[in-house]
Amino acid sequence: MSNDEFRAALARLAAGVVLVTAQEPPLDEHGRGEDVGMTATAFMSVSLDPPLVMVSLRNDSRMDDLLAEQPLWAVSVLAESQRQVASRFAMKGRISDRLLFADVPYIRGEVTHAPLIGGALATLECRTEQRVLAGDHTLVIGRVLTADLPSADGEPLTYFKGRYRQLG
């Protein structure tokens, strides 16, 4: 089986789209670290008791490197109206994270201080419980510390056959 065959087969699996965010630790005691964000479709619930979720990160990606040292992170479950936000944070060779967040409305998580995207269907704040190396990715399992439904009435943004889609 080739990589292309494998990729084509898994493209037939529809997935929800989330934005994973975290704040880099400050360089000194007077500063604030930079916010970092990444679009993900490989995100899932793992356990209800205790509440655990998992995100798959490409090894040596900026988010993988950050979550290896920063145990606190957040997830915003994106609504179909947030396709541009998903695309912006999924770009390869993208601009700095500071510029990516410049005109995206968000609030800071009370526990993680990570950005929680305005208009998201749900937001979760997490603390890493375990990291599992799996091929060219790392599975980051996080304990959910807070969960909120800021815009629970919208429809989800989904990803299918290499494109963002809407239900129905």
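Visitor: Two strands pair if DSSP finds at least two bridges between them. In what order do the strands of the open sheet of three stand?

Guide: Welcome! This is a predicted model, in which local features need pLDDT of at least 70 and side-chain atom pairs count only at pLDDT 80 or more, while totals for chains, interfaces and linings use all residues. Residues are numbered from 1 along each chain as its sequence is written, and side-chain values use heavy atoms, with hydrogens and water left out. Strands (E, at least two residues) and helices (H or I, at least four) are DSSP runs numbered from the N terminus, and the antiparallel open sheet has the order β1-β11-β12.

Visitor: Which are the edge strands of that sheet?

Guide: Look for the strands that pair on one side only. In the order β1-β11-β12, these are β1 (15–16) and β12 (163–165).

Visitor: Which residue of β11 stands opposite Gly-16?

Guide: Strand β11 covers residues 158–160 and runs antiparallel to β1, with two bridges joining them. Opposite Gly-16 stands Thr-158.

Visitor: How many salt bridges does a search of the whole structure find?

Guide: The criterion is a side-chain nitrogen of Lys or Arg within 4 Å of a carboxyl oxygen of Asp or Glu. Among the pairs that pass is Arg-143 with Glu-129, at 3.2 Å from N to O. Arg-143 is in strand β10 (residues 137–148) and Glu-129 in strand β9 (residues 122–134), 14 residues apart. The search of the whole structure gives a total of eight.

Visitor: How many residues apart are Glu-24 and Arg-62?

Guide: Their closest N and O atoms are 3.1 Å apart, in a salt bridge. Glu-24 sits in the loop between β2 (18–23) and β3 (35–40), whereas Arg-62 belongs to helix α2 (residues 62–69), so the pair links parts of the chain whose separation is 38 residues.

Visitor: Is Asp-35 buried or partly exposed?

Guide: Asp-35 forms a salt bridge with Arg-108, the closest N and O atoms being 2.6 Å apart. Because Arg-108 lies in strand β7 (residues 106–108) and Asp-35 in strand β3, the pair ties together parts that are 73 residues apart in sequence. Arg-108 is partly exposed at 27%; Asp-35, at 6%, is buried.

Visitor: How many residues does the largest nonpolar core have?

Guide: A nonpolar core is a set of buried Ala, Val, Leu, Ile, Met, Phe, Trp, Tyr and Cys residues joined through side-chain atoms within 4.5 Å. In the largest one, those with the most contacts inside it are Val-20, Val-55, Leu-57, Met-63, Leu-67 and Trp-73. The elements giving two or more residues to this core are β2, β3, β5 (52–58), α2, β6 (72–77), β9 and β10. The core's residue count is 18.

Visitor: Which threonine is in contact with Leu-67?

Guide: Contact means heavy atoms within 4.5 Å. Leaving aside neighbours within four places in sequence, Leu-67 touches residues including Ala-22, Leu-57, Trp-73 and Val-140. The threonine is in strand β9 and counts as buried at 18% relative accessibility.

Conventions. Buried < 20%, exposed > 50% of the residue type's maximum accessible area, 1.4 Å probe, protein only.
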